[in-house]
Amino acid sequence: MKKKIIWSIIILLLILTAWFEWPVTEQIQISAKGKVKTPVRIALVTDLHSCYYGKNQSQLIKMIDKGKVDMILLSGDIFDDRLSQTNAKKLIEGICDRYPCYYVTGNHEFWGGKQDEIKTYLKEKNVTVLEGNYSPAEINGNKILVCGVDDPTDMTMSAWKKQLEDACPEEYRDHYRILLSHRPERGEIYSGYDFDLVVCGHAHGGQWRIPFTDYGVAAPDQGLFAGFVDGRYELSGGADMVVSRGLCRERMPYPRFFNHPEIVIIEIE
């Protein structure tokens, strides 16, 4: 009887592990507070860590296509410092000619020491690389300004804030302004700048989610019972911040629980 109970628990854990490794699409609606006339749909893709999602990353590409998005935001750690770049490149090559794509670095691109090589590759694939700068766009008749900063791994705080300042120009105040930054734990710093929406990753959903709460067990640079791990948050300056749980699976030494990998579809309306 005791052995049966142990085996039942093991089988249940294996089933749960497999279930929570399955990717999902999360939908989040954001009010543009009068700054857009028609809806804009965005796919937020973060923390892939070059993990595998079917041949040529077909599973992820189908999820993005199904979302009928107008643009894709790649908010860091798409590439990994240990795994091959192959899966990350397969995703990029499957979307770069079909959607406007914008990218910022995460800490793992810097840890691998290949951030410059990665940026060059992405630019060759027509991906807009943001590193303390911005790119104006017109989407569905709306004026959108996509801004971005590098991950601060190899920067002082003052250098990183300088990138934030450079990415927040006064002359585009009439645009809906989106900031790509890998780090959600710096939310209050973003409040000091005039962004409408901030998108982040990095937290991996807290890796193990605490059911029926908004907390994860642990997240990088947030510690235990991290708060900025998943979904929409309103920052003190009035901006919305959306944090994706990301897509990392086989890169981690332990599985995700109550924490599906995800692509977030943000609808600005």
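**Figure 1. Overall view of the predicted model.** Accessible areas come from the Shrake-Rupley method with a 1.4 Å probe, and for residues only the protein chains shown count as cover. The accessible surface of the protein comes to about 12,400 Å². Carbon and sulfur atoms hold 56% of that surface. This is a predicted model, in which local features need pLDDT of at least 70 and side-chain atom pairs count only at pLDDT 80 or more, while totals for chains, interfaces and linings use all residues. Residues are numbered from 1 along each chain as its sequence is written, and side-chain values use heavy atoms, with hydrogens and water left out. Seven helices and 14 strands make up the secondary structure (DSSP runs numbered from the N terminus: helices are H or I, at least four residues; strands are E, at least two). The radius of gyration is 18 Å, close to the 18 Å that the globule rule gives for 269 residues, so the protein is as compact as a globular protein of that length (taken over C-alpha atoms; the rule is 2.2 Å times the number of residues to the power 0.38). Of the 269 residues, 54% count as buried (under 20% relative accessible area, with a 1.4 Å probe and protein chains only).

**Figure 2. Close-up of the largest nonpolar core.** This core has 31 residues (a nonpolar core is a set of buried Ala, Val, Leu, Ile, Met, Phe, Trp, Tyr and Cys residues joined through side-chain atoms within 4.5 Å). Val 45, Leu 48 and Ile 263 are among those with the most contacts inside it. Elements that give two or more residues to this core include strand 2 (40-45), helix 2 (58-66) and strand 14 (262-268). Apart from it lies another core, of 25 residues, among them Ile 139 and Tyr 176.

**Figure 3. Close-up of Ile 263.** Not counting residues up to four places away in sequence, Ile 263 touches Val 24, Ala 43, Val 45 and Leu 247, among others (contact means heavy atoms within 4.5 Å).

**Figure 4. Close-up of strand 2 and its partners.** Six of the six residues of strand 2 are buried. Val 40, Ile 42 and Leu 44 cover one side; Arg 41, Ala 43 and Val 45 lie on the other. Five bridges join strand 2 to strand 14, and the two run antiparallel (strands pair if DSSP finds at least two bridges between them). Leu 44 has Val 264 as its bridge partner in strand 14. Strand 3 runs parallel to strand 2, joined by four bridges. Here Ile 42 stands opposite Met 71.

Methods:
Buried < 20%, exposed > 50% of the residue type's maximum accessible area, 1.4 Å probe, protein only.
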